[in-house]
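Please work through the following exercises with the sequence and the structure at hand. Each task is followed by a solution in steps.

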Amino acid sequence: VMKLNPQQAPLYGDSVITVQLSEEDKVEDDVVFYLVFTGSTVQHCTSTRKINPGSLETISPGHDCCETVKVALCASREGHPVLVVAEESFQFVQDEAYDAAQFLATCAGNQQALNFTRFLDRSRPPAADVDFLDEKVALAFRHLKLPAEWNVLGAEQSLTENIPRETLLHFAVRLGLLRLTWFLLQQPGGRGALSIHNNEGATPVSLALERGYQKLHQLLTEEGAREPDSWSTLSHTVHSGDYSVKHHRGLGVYLLTAEA
């Protein structure tokens, strides 16, 4: 019997899972363990790293839908067949960060919704929470399947209209969300949003200055500003046909995802 902790992960993946091995599975150093997650349409295989003789660590894969999947712990050893050592179930769920990313993506050009987000500012969460929120929402946003025509300014907005308005970039900067700001800048309309004034005449750039967010201001104004450090900067993904391979440099773990 193995224990997975936690027994669920958000759809966008990238959280740490600890695997507790049973007494009889605590084996010699030359055994390599990996986990196979079998969903209804995709399958993931992740390598693991040993924390101590009784426990392993891996990264949860990003999944395509909310469901409970079967996880098999496999052991491989040179010259021996691969063994399935234990099986457990695991749940992929939609969490608040995913909901938030979906909400933000759909309200890209919607002034009512964007003005609604401004009241969040008055109840600003503490810095540690902002950092956590920033990390999670940016990860979730990356995982969303945005429509091809998606634009930071919303579908109908053309840049020539000089109408004062709120944009997603104003939202991200106002809350000091560094990683989300970076992500939005890379999307269609992201750079265009930099020069848009809202009803108070503030641009995302002037908001960053006014709030004393120096790193954020650099991100918006410096040529060749680098992506802020985050969980996703530790990951590198390569796609090929129905397969993708992700390397998580932070833990030295590899994830292979294939359409079943």
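Strands (E, at least two residues) are DSSP runs, numbered from the N terminus, as are helices (H or I, at least four residues). Two strands pair if DSSP finds at least two bridges between them. The model is predicted, so local features need pLDDT of at least 70 and side-chain atom pairs count only at pLDDT 80 or more, while totals for chains, interfaces and linings use all residues. Residues are numbered from 1 along each chain as its sequence is written, and side-chain values use heavy atoms, with hydrogens and water left out.

**Exercise 1.** Examine the backbone at proline 6 and at aspartate 14.

Solution. Most residues other than glycine have a negative phi, and most peptide bonds are trans. Proline 6 belongs to the loop between β1 and β2 (8-10). The peptide bond leading from asparagine 5 to proline 6 is cis, its omega being near -5°. Aspartate 14 belongs to the loop between β2 and β3, and its phi is positive, near 65°. With a relative accessibility of 4%, aspartate 14 is classed as buried (under 20% relative accessible area; exposed is over 50%, partly exposed in between, with a 1.4 Å probe and protein chains only).

**Exercise 2.** Which strands pair with β11, and which glycine has a positive phi in each hairpin?

Solution. Consider β10 (residues 235-240) first: it pairs with β11 (residues 243-248) in the antiparallel sense, over six bridges. Valine 238 has valine 245 of β11 as its bridge partner. Two residues separate the strands of this hairpin, and glycine 241 has a positive phi near 60°. Then turn to β12 (residues 253-259), which is also antiparallel to β11, again over six bridges. Here serine 244 faces threonine 257 of β12. Four residues separate β11 from β12 in their hairpin, where glycine 252 adopts a positive phi near 70°.
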